[in-house]
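Me: I am new to this structure. Please take one part and look at it closely, in short sentences.

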Amino acid sequence: METMRKWNDSPSVYQFDGQLATCNLTPGEQVYGEKLVEVRGGEYRLWNPRRSKLAAAILNGLETFPFHDNSKIIYLGASTGTTPSHISDITPDGLVYCVEFSPRMMRKLVDLSQIRPNLIPILDDATKPRNYLHLVEKADIIYSDVAQPNQTEIFMENMRLLLKEDGVGFLMLKARSIDVTRNPEEIYREEESRLKTAGFRVLEKIDLEPYEKDHMAFVCGVSF
Ligand SMILES: C[S@@+](CC[C@H](N)C(=O)[O-])C[C@H]1O[C@@H](n2cnc3c(N)ncnc32)[C@H](O)[C@@H]1O
């Protein structure tokens, strides 16, 4: 007998036989080939931790989870919408502003936003948040997954400009995008120190192994 229960008292993330799932906002529609399961009249999408770093962080013990029904999120590096689609399930009355600079990825994201109206696609460069300042509102959450050498800078600049005072930031840091030759632990220490020096509070650090190699999720608040 398959069982479905809530994860960590979250009203919107579920565990189905040990796998994560979100309630499908668009029943019958898959986004990235994920499995759909029916439980007691509801349809759920299994959330693959090898495809989504947020799911990997949850399975590795994430405690800070500020995503609610009506949260406003600015998502940097939205790609074709894999993780944004699960956030879209979790925040049915909220908005996920999806910043992505690749036109190829953006085309799929635009298609996805046609059926998921809480996804707002923005074709722009996350290194230049002033470009899209007028298109977004101050966010409860900034989620950054851009895999660039300057990923910490990009995250901090968007946090400074676009996060509410009591908001939370998620930086999915990929060590190999910063330097493939160096020990990831050394890179994590340096980037954490940059975050703290700039006035951010590091609330949690979650290593994403075994789902993602050489990635650390930093969960941050602001203290300035
Ligand atoms: C690792 S993928 C993101 C995967 C996605 N977050 C998910 O979980 O479904 C990184 C994405 O960031 C985008 N990206 C990289 N640098 C960017 C920038 N400066 N501005 C906007 N998007 C950027 C890339 O085009 C790519 O689609």
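Reply: Start at the boundary between the two domains. Across the interface of domain 1 and domain 2, the rule finds one salt bridge. A salt bridge here is a side-chain nitrogen of Lys or Arg within 4 Å of a carboxyl oxygen of Asp or Glu. The model is predicted: local features need pLDDT of at least 70, side-chain atom pairs count only at pLDDT 80 or more, and totals for chains, interfaces and linings use all residues. Residues are numbered from 1 along each chain as its sequence is written, and side-chain values use heavy atoms, with hydrogens and water left out.

Now the two partners. Domain 1 spans 4-47 and domain 2 spans 53-222; these bounds come from an automatic or database domain assignment. Their C-alpha centres lie 22 Å apart. Domain 1 gives 18 residues to the contact, and domain 2 gives 19 residues. Contact means heavy atoms within 4.5 Å.

How much area is buried between domain 1 and domain 2? About 1600 Å², with 68% of this from carbon and sulfur atoms. Buried area is the accessible area (1.4 Å probe) that two parts lose on being put together, summed over both. In domain 1, Trp7, Leu25 and Trp47 lose the most area to domain 2. Together they make up 38% of what that side buries.

A salt bridge also joins the side chains of Asp89 and Arg45, at 2.7 Å, N to O.

Next, the sheet. Seven strands form an open sheet in the order 8-7-6-9-10-12-11, with mixed pairing. Strands (E, at least two residues) and helices (H or I, at least four) are DSSP runs, numbered from the N terminus. Two strands pair if DSSP finds at least two bridges between them. Strand 8 (119-123) and strand 11 (200-207) stand at the edges. Each has a single partner strand, so one side of each is left without a neighbour in the sheet.

Look inside the sheet. Strand 6 (residues 72-76) and strand 7 (residues 95-100) run parallel, joined by five bridges. Ile74 has Tyr97 in strand 7 as its bridge partner. Helix 2 (residues 82-90) packs on the sheet and touches strand 6, strand 7, strand 8 and strand 9 (139-144). The direction of helix 2 makes about 175° with that of strand 6. Axes are lines fitted to C-alpha atoms, for helices over the stretch in contact, and angles run from 0 to 180 degrees between N-to-C directions.
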